[in-house]
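Keep the structure open beside you as you read.

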Amino acid sequence: MSLAKGGKIDLTKGNPGLDNILVGLGWDVSSLGEFDLDTEVFLLDASKKVVSSKHVVFYNQQISPDGAVKHHGDNRTGVGQGDDETISIKLSKVSPEVERILFTATIHEANTRRQNFGQVMNAYIRVLDEANGQELVRFDLSEDYSTSISLVVGEVYRHNGEWKFGALGNGSTQDLSGLFAQYGVL
């Protein structure tokens, strides 16, 4: 299932027993030099703020406090086929106060290197059933993001006792510290 920006899909209602998902983000970079893209995961409460500063999963803090969300490491080049960075989530283990699991991507030292997401090609996010590797949903980021140094890519969120995925694709001029401030990381 491929979604357009703003699209939503139910993950668990149509997949009874789905508990372990793998979220993969991938991209290709232009030949204009080295790019280091990073994926961050914000675990948000009902007010759309992080539950605590420990509820951000990224290359420096790879596991959430409840152990439900695990970042599998930083790909510093984006070279190669397939997912560049992946995150495992055990849905049944996510703390009850977490309403949304938000996925962002930033360019390390974007302003210093004069880089933006307009120089990144074939970017996507996808959600897989980790048990069998089946792709459940994919969102290709095809907009012109030439003024953006960060992207709010997508989210996995609770709705009426089920988990859903939303394709966001919102570009921003904020760097990682700006995203931290926006989502209440102290």
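## The largest pocket

On a 1 Å grid over the protein atoms alone, a pocket is an open set of points where a 1.4 Å probe fits, with protein on both sides within 12 Å along at least five of seven lines, whereas in a cavity the probe cannot get out; lining residues have an atom within 4 Å of a point. This is a predicted model, in which local features need pLDDT of at least 70 and side-chain atom pairs count only at pLDDT 80 or more, while totals for chains, interfaces and linings use all residues. Residues are numbered from 1 along each chain as its sequence is written, and side-chain values use heavy atoms, with hydrogens and water left out.

Which residues line the largest pocket? They are D38, E40, Y59, T106, I107, H108, E109, A110, N111, T112, D175 and L176. Two or more lining residues come from each of β4 (37-44), β8 (100-107) and α1 (110-113); here helices (H or I, at least four residues) and strands (E, at least two) are DSSP runs, numbered from the N terminus. The top contributor is α1, with three residues.

The volume of the largest pocket is about 150 Å³, taken as the space filled by probe spheres set on the points, with grid points joined across faces, edges and corners. Its lining divides into four nonpolar, four polar and four charged residues. In this count Ala, Val, Leu, Ile, Met, Phe, Trp, Tyr, Cys and Pro are nonpolar, Asp, Glu, Lys and Arg are charged, and the others, Gly among them, are polar.

## The antiparallel sheet

Two bridges link β4 and β5 in the antiparallel sense, and V41 has V57 in β5 as its bridge partner.

The loop between β4 and β5 holds H55. With a relative accessible area of 6%, H55 is buried (under 20%; exposed is over 50% and partly exposed in between, with a 1.4 Å probe and protein chains only). Beyond its neighbours within four places in sequence, H55 is in contact with V41, F42, L43, V50, Q61, P65, E97 and V98, where contact means heavy atoms within 4.5 Å.

## Aromatic rings

How many aromatic pairs does the structure hold? There are four, counting rings of Phe, Tyr and Trp (its six-membered ring) whose centres lie within 6.5 Å; planes under 30 degrees apart are stacked, over 60 edge-to-face and the rest tilted. F42 and Y183 form a tilted pair, 5.0 Å centre to centre with 45 degrees between the planes. F42 lies in strand β4 and Y183 in the segment after α2 (176-182), so this pair ties together parts 141 residues apart in sequence. F42 is buried at 0% relative accessibility, and Y183 is buried at 9%.

The ring centres of F58 and Y59 are 5.2 Å apart and their planes meet at 75 degrees, so this pair is edge-to-face. F58 is buried at 11%, whereas Y59 is partly exposed at 26%. F42, F58, Y59, F180 and Y183 form one aromatic cluster.

## The mixed sheet

Another open sheet of six strands runs in the order β1-β10-β9-β3-β7-β6, with mixed pairing. Its edge strands, β1 (2-3) and β6 (69-71), each pair on one side only. Strand β1 runs parallel to β10 (residues 135-141), joined by two bridges, and S2 has R138 in β10 as its bridge partner.

Note on methods
Pairing = 2+ DSSP bridges.
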